[in-house]
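Here is a short report for a reader new to this structure. Keep the view open while you read.

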Amino acid sequence: MEVVPLETSDDVARLAADVIETVVRTRTSPVLGLATGSTPLPTYRELVRRHVAGAGPSYDAVRCFNLDEYIGLPPGHPESYRATIARELTDALGIAPERVHGPDPTPEGLPTAGERYEAALAAAGGVDVQVLGIGSDGHLAFNEPGSSLGSLTRLKTLTEETRRDNARFFGSIDEVPRHVLTQGLGTILRARHLLLLATGAGKAAALAAAVEGPLTASCPASVLQLHPHVTVLCDGPAAAGLA
Ligand code: F6R
């Protein structure tokens, strides 16, 4: 695992954008794994800025797979992860909606959503670079503490802590869905390169536990220690707990 402490979240965004662009430039059919949440937004903005300035690579051959999705939001809800990724990144990069995949949260799709998503990931040849954030409780995607380290895409229940963390995107905590579909920790480990972004003091304890603590389901992000190619980009406040 390479841990790269940087000064600011803008430094994290620039370096993360470099990593993603390199994959897009060098792979013939690049597959990007995308996280939502606040942490990757500066990276997505940087990619869009470069693209608009004509300085980015061509995204024509790119396919994207979202990490997770809420269950129970009306179709097209602005806080659904499909809508968020389209709004914050893929529309602006000119990536067609049919090239952006997410787990299917519709009531009729739910029973088979996990296995169909795993099959779609495999059919695409796997993820070249997976962007990840980390939860303040050490969650990775929506694999909350206690999640199986080998888990695949499935339905999960959010903890109150995560619902509270995500209430800022909704009117109130009551509007935050209780259930999600999420790639499992085992799914995430199949990506060829994992790019974990961590910014802000609120992530310091979780990041230290993930990187330097024991491998344990109590800190799902510690599963990164099992992967042969992980890059952690963090700003000064997030790095504060590292030895
Ligand atoms: C998002 C996701 C979550 C977030 C995590 C951190 O797709 O899977 O694990 O990465 O909750 O969220 P932020 O970046 O908002 O602090």
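## Around the ligand

The shell around the ligand is made of six nonpolar residues, seven polar ones and one charged. The model is a predicted one. There are 14 residues around the ligand. Those that come nearest are Ala35, Gly37, Ser38, Thr39 and Gly133.

## The annotated domain

UniProt lists residues 8–225 as "domain: Glucosamine/galactosamine-6-phosphate isomerase", in an unreviewed entry. Helix makes up 34% of the chain over residues 8–225, and strand 14%. The end C-alpha atoms of this stretch are 25 Å apart.

## Helix α1

Helix α1 covers residues 9–26, which is 18 residues. From first C-alpha to last, α1 reaches 26 Å. That is close to the 26 Å expected at 1.5 Å a residue.

Which residues of α1 are buried? They are Ser9, Val12, Ala13, Ala16, Ala17, Ile20 and Val24. These residues sit on the same side of α1, because they cover an arc of only 125° around the axis. An α-helix has 3.6 residues a turn, so residues three or four places apart point the same way. On the face of α1 turned away from the buried side are the exposed residues Arg25 and Thr26. Several elements cover the buried residues of α1, including the strands β2 (31–34), β6 (129–132), β9 (193–198) and β10 (230–234). Helix α2 (41–52) is also among the covering elements.

## Leu15, a closer look

Leu15 is part of helix α1. Is Leu15 buried or partly exposed? Leu15 counts as partly exposed, because it has 18 C-beta neighbours inside 10 Å; a buried residue needs 20 or more.

What does Leu15 touch, leaving aside its neighbours within four places in sequence? Leu15 is in contact with Val4, Leu6 and Leu233.

## Helix α3

Now turn to helix α3, residues 81–90. Its buried residues are Tyr81, Arg82, Thr84, Ile85, Leu89 and Thr90. Seen down the axis of α3, they fall within an arc of 160°, so they line one face of the helix.

What do the buried residues of α3 pack against? They pack against β2, α2, β3 (63–66), β4 (68–70) and β5 (100–101).

Technical notes
Residues numbered from 1 in each chain as written. Predicted model: local features only at pLDDT ≥ 70, side-chain atom pairs only at ≥ 80, totals over all residues. Near = placed C-beta within 6 Å. Nonpolar A, V, L, I, M, F, W, Y, C, P; charged D, E, K, R; others polar. Helix = DSSP H or I, 4+ residues; strand = E, 2+ residues; numbered from the N terminus. Expected span 1.5 Å × (residues − 1). Buried ≥ 20, exposed ≤ 12 C-beta atoms within 10 Å, placed from the backbone. Arc of directions from axis to C-beta. Contact = placed C-beta atoms within 7 Å. UniProt positions renumbered as here; feature names shortened; annotations may be inferred.
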